[in-house]
Amino acid sequence: MEENAAAPFERGTDGPKVIVVGIDGSDSSWRAASYAAGLARRQSSKLVLVYVQPVLPAGAAMGAPVSDATDEVAEELMAEIRRATERLQGIYSLRWEFHTLRGDPYNGMVQMADELKADAVVVGASEQAGHRIMGSVAVRLVKAGRWPVTVVP
């Protein structure tokens with residue numbers, strides 16, 4: 001069998017080039033971010049941190065306060081990421097970027113992973129009791145079967 005020098009590119013065959021991690025400020029999401037950062041550093045991958053700002057149905061809240069609150073969370077997450085990056089500057093070299101968008105966390109993660117051609121997705125295990133019934137974002141991402149998904153406890 002002849003080896004073709006111009007073989008088509010396959011995502012993830014040489015290790016992940018883009019690792020997408022979902023963060024929301026929970027302890028499990030920070031553990032997921034730490035795990036993904038270590039993986040990205042060892043693999044020379046780009047780390048993409050994603051916060052999907054939840055959107056509540058109209059009438060569930062009075063609109064603007066919810067929007068302002070999720071914007072505030074996004075700003076706090078970005079500040080914490082910057083502080084962590086500054087602490088490690090000069091020790092570790094890590095390429096990273098931060099994205100925030102509004103919507104359902106599962107659909108937001110799928111959208112970002114697709115747009116960025118993610119080779120791997122990392123999320124924290126859900127800490128919400130209701131997810132045992134409905135299915136957590138992590139379980140839904142695994143079931144999608146589109147990327148390797150690591151769920152960090």
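Strand β1 is joined to strand β2 by five bridges, and the two run parallel; strands here are DSSP runs of E with at least two residues, helices are runs of H or I with at least four, and both are numbered from the N terminus. The model is a predicted one, in which local features need pLDDT of at least 70 and side-chain atom pairs count only at pLDDT 80 or more, whereas totals for chains, interfaces and linings use all residues. Residues are numbered from 1 along each chain as its sequence is written, and side-chain values use heavy atoms, with hydrogens and water left out.

On its other pairing, β1 (residues 18–22) is connected to β4 (residues 120–124) by three bridges, again in parallel, where two strands are taken to pair if DSSP finds at least two bridges between them. Residue V21 stands opposite L49 in β2 and has V122 as its bridge partner in β4. These pairings belong to an open, parallel sheet of five strands in the order β3-β2-β1-β4-β5. Its edge strands, each pairing on one side only, are β3 (95–102) and β5 (149–152). Neighbouring strands of the sheet are turned against each other by 20 degrees on average, direction ignored; axes are lines fitted to C-alpha atoms, for helices over the stretch in contact, and angles run from 0 to 180 degrees between N-to-C directions. Helix α3 (residues 105–115) lies across β1, β2, β3 and β4 and runs at about 150 degrees to β2, contact being defined by heavy atoms within 4.5 Å.

Five of the five residues of β1 are buried, so the strand is largely enclosed by the rest of the structure; buried denotes under 20% relative accessible area, exposed over 50%, and partly exposed the range in between, with a 1.4 Å probe and protein chains only. In a regular strand the side chains alternate between the two faces of the sheet. In β1, V18, V20 and G22 point one way, while I19 and V21 point the other way.

The largest nonpolar core has 20 residues, and those with the most contacts inside it are I19, V21, I23, L47, L49, F98 and V122; such a core is a set of buried Ala, Val, Leu, Ile, Met, Phe, Trp, Tyr and Cys residues joined through side-chain atoms within 4.5 Å. Two or more residues of this core are given by each of β1, α1 (27–43), β2, α2 (64–88) and β4, with α1 giving the most, six residues. Apart from this core lies another, of 17 residues, among them V18, V52, A113 and W147.

A search of the whole structure finds two salt bridges, each requiring a side-chain nitrogen of Lys or Arg within 4 Å of a carboxyl oxygen of Asp or Glu. In one, E97 pairs with K46, the closest N and O atoms being 3.3 Å apart. This pair links distant parts of the chain, with E97 in strand β3 and K46 in strand β2, 51 residues apart. E97 is partly exposed at a relative accessible area of 23%, as is K46 at 24%. In the other, D114 forms a salt bridge with R146, for which the closest N and O atoms are 2.2 Å apart. D114 lies in helix α3 and R146 in the loop between α5 (137–144) and β5, 32 residues apart.
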